[in-house]
Amino acid sequence: MKQVHFITELFDKYDGRSLQAYLNVGGFASLQKTIEIGSEAVLTEIDASGLQGRGGAAYPTGKKLRQAQAEKAARKFVVCNADEGEPGTFKDRELLKCNIYQVIEGMVIAGICTQSQEGIIYVREEYTNMHDEIRNAIAECYSHNYLGKNILGSPYNFDLKLFSGAGSYVCGEGFAMCESMEGKSGRPRSKPPYVKQEGFLNLPTLVINTETLSTIVSIIKHGADSFRRYGTEESPGTKLISISGKVNRPGVYEIPFGLTIREIINDLAGGIRNGKKGHFVQIGGASGGILPEWLWDTPYTYEDLAKAGLSVGSGAIVVADEDNSLLDYLKVVQDFFSHESCGKCTPCREGNRQLRFIFERITDGTVTVADYDRLEIVLDVMGKASLCGSGKTEVVPFRTAQRYFPELFLTKESLEAKKAVV
Amino acid sequence: MKPELEQLAESICAKYDYDAVNLLPILQEIQSHSARNYICEEMARIIAQKLDITESRVYDVITYFSALSSEPRGEIIIQICNSTTCNVNNNRDLIHWFEEELGINVGETTPDNKFTLIFTHCFGACDVSPAVRIDHDVYGMLTREKVKELIAAKRGVVV
Ligand SMILES: Cc1cc2nc3c(=O)[nH]c(=O)nc-3n(C[C@H](O)[C@H](O)[C@H](O)COP(=O)(O)O)c2cc1C
Ligand code: SF4
Ligand code: FES
């Protein structure tokens with residue numbers, strides 16, 4: 001059982017554009033069911049499924065929905081996070097393109113379960129060529145009462161619109177997203193209060209990933225047990241991965257948790273191109289960890305990746321072969337964060353400046369012992385003291401590279417030994 | 001004050017109820033009307049007045065987001081991805097081909113103001129990497145020949 005079709009069940013069964021076609025293949029059955037059985041039964045099912053948020057933080061979705069439900073306010077929001085900013089990730093793009101109605105269905109269900117009546121799909125600017133299709137799908141749903149007042153004759157109301165990002169990685173973070181929707185530059189706020197308490201317009205806001213929403217719909221349709229047929233005890237179910245880089249068949253695949261990285265590369269993505277040898281993968285986006293080829297038999301699960309110092313993150317897997325230099329790769333990662341750092345907090349803003357200097361000196365051979373000492377301090381402070389997840393997780397690729405390729409960053413001792421010889 | 005700027009700002013701000021919460025979509029829409037893909041100082045001032053916010057807030061937003069610009073750019077914007085996958089897939093050739101075809105370096109605009117060539121971060125086309133984005137359209141798996149054809153087509157020349 002390599003590739004499966006639980007969330008992607010309808011991908012090639014309809015054109016992804018017409019509401020009627022979606023209904024013909026059983027679309028909106030989960031919404032009907034939600035209206036019939038009520039939110040408590042739905043939340044119990046989601047709890048039982050063990051679904052964890054697919055946006056990167058892996059927070060239990062059932063728990064998150066219950067917390068959102070507990071917030072009391074006259075207006076509450078549900079925001080679908082379709083900002084998909086992690087380099088190497090394009091699975092939400094496929095969900096929007098091939099099955100936008102399931103995302104909308106998930107939004108309405110999330111609205112009902114949390115007693116929120118307003119929804120926003122926050123789509124990255126980079127996906128502008130899909131915005132019209134999404135707006136059309138929303139309009140179709142309004143005209144057939146899958147959105148709007150008294151949905152399908154029920155007491156539930158739900159409004160939905162698209163909001164376009166404007167090219168900022170950090171806006172994938174909940175507070176930064178709220179700020180940008182309020183007409184400000186997208187910089188994260190300090191916590192607490194949390195987004196769920198005082199998010200968009202300082203009102204309770206549930207920010208939830210596109211894949212998480214799609215998965216909820218499939219779980220309600222087929223039951224938590226069918227979801228749990230896949231995966232492991234700690235990583236139940238299936239996951240969309242985006243695999244790219246030096247493989248023969250890059251793309252989006254739905255896999256049961258537990259396949260090994262090597263199986264994903266060889267059996268799904270068609271192996272490394274041109275018969276080259278594998279070198280490393282980066283898992284989970286630019287903020288994800290580096291895993292060397294000799295550890296590719298690691299199973300793709302939350303628990304096994306954690307043991308290796310990595311996480312599932314955005315579901316991205318970027319594959320590099322023997323021709324790719326890890327140092328060059330890390331410079332690209334560092335450049336990404338230097339550019340995207342919003343500059344609000346000192347550890348990330350200044351830390352990135354220092355990292356850039358150190359990398360420049362590693363590259364041109366002028367690196368000193370003091371630079372390596374500084375690298376340690378900078379990574380330590382960034383990981384511990386950054387305001388948002390961007391600065392905090394940026395250290396992961398560097399830490400894992402140090403762990404698995406220690407020769408890349410010459411240690412103090414070896415540098416001194418080298419000096420003594422000269 | 002240029003009357004056509006005033007008129008454009010008025011119609012778009014009115015559509016968004018003169019509410020500063022909508023500053024981002026307002027700026028995106030305003031910029032989409034600019035042949036040079038930017039928001040000029042006078043326009044920024046007009047918008048600030050209409051929404052009753054400071055000019056510095058308008059500039060904070062324009063300069064923060066990479067899709068917005070306070071400086072004039074080319075009529076067509078070519079963005080070459082410089083993120084992880086595209087780097088692994090050797091985007092150096094692609095960069096070189098575009099520079100050669102346009103006669104400019106990355107970061108520059110052609111003298112006729114037709115094209116701006118810039119680096120960008122991953123726009124989710126890693127499955128066809130190395131990828132470029134020309135305005136809103138994505139192109140991947142390019143060859144030297146295809147780059148030539150693409151630019152010619154954008155110049156309005158049939159090859
Ligand atoms: C800098 C930064 C960028 C993020 N980008 C995204 C993103 O592009 N898409 C996403 O779904 N979550 C992103 N997240 C995570 C969100 O903040 C949030 O945890 C997630 O959308 C919640 O949805 P989930 O519970 O379904 O995972 C980002 C977080 C940070 C700190
Ligand atoms: S960690 Fe970086 S991106 Fe996050 S708030 Fe601080 S400066 Fe901004
Ligand atoms: S890394 Fe270039 S499009 Fe994703």
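Which residues surround ligand 1, and which are the closest? Select ligand 1 and show its neighbours (a heavy atom within 4 Å): 18 residues surround it, the closest being Gly55(A), Lys64(A), Asn81(A), Asn209(A) and Thr212(A).

Before going further, some housekeeping. This is a predicted model, where local features need pLDDT of at least 70 and side-chain atom pairs count only at pLDDT 80 or more, while totals for chains, interfaces and linings use all residues. Residues are numbered from 1 along each chain as its sequence is written, chains are lettered from A and ligands numbered from 1 in written order, and side-chain values use heavy atoms, leaving out hydrogens and water.

Stay on ligand 1 and look at its polar contacts (N or O atoms within 3.5 Å). A polar side-chain atom of Thr212(A) lies 2.7 Å from a ligand oxygen. Now pick Glu84(A), where a polar backbone atom is 3.0 Å from an oxygen of ligand 1. At Arg54(A), a backbone N or O atom lies 3.3 Å from an oxygen of the ligand.

Next, jump to ligand 2. Here 13 residues surround the ligand, with Cys342(A), Gly343(A), Cys345(A), Cys348(A) and Cys388(A) the closest. Colour that shell by type and you get 7 nonpolar, 5 polar and 1 charged; Cys counts as nonpolar and Gly as polar.

Last stop: the interface between chains A and B. Select the contact residues (heavy atoms within 4.5 Å) and you'll pick up 47 from chain A and 30 from chain B. Together the chains bury about 3,000 Å², 56% of it on carbon and sulfur atoms; that is accessible area lost on being put together, with a 1.4 Å probe, summed over both parts. Finish on Arg133(B) and Glu125(A), a salt bridge (Lys or Arg side-chain nitrogen within 4 Å of an Asp or Glu carboxyl oxygen) with its closest N and O atoms 3.2 Å apart.

Terms used
Buried area is the accessible area (1.4 Å probe) that two parts lose on being put together, summed over both. A polar contact is a pair of N or O atoms within 3.5 Å; within protein, one must be able to donate a hydrogen and the other to accept it, and residues adjacent in sequence count only if both atoms are side-chain atoms.
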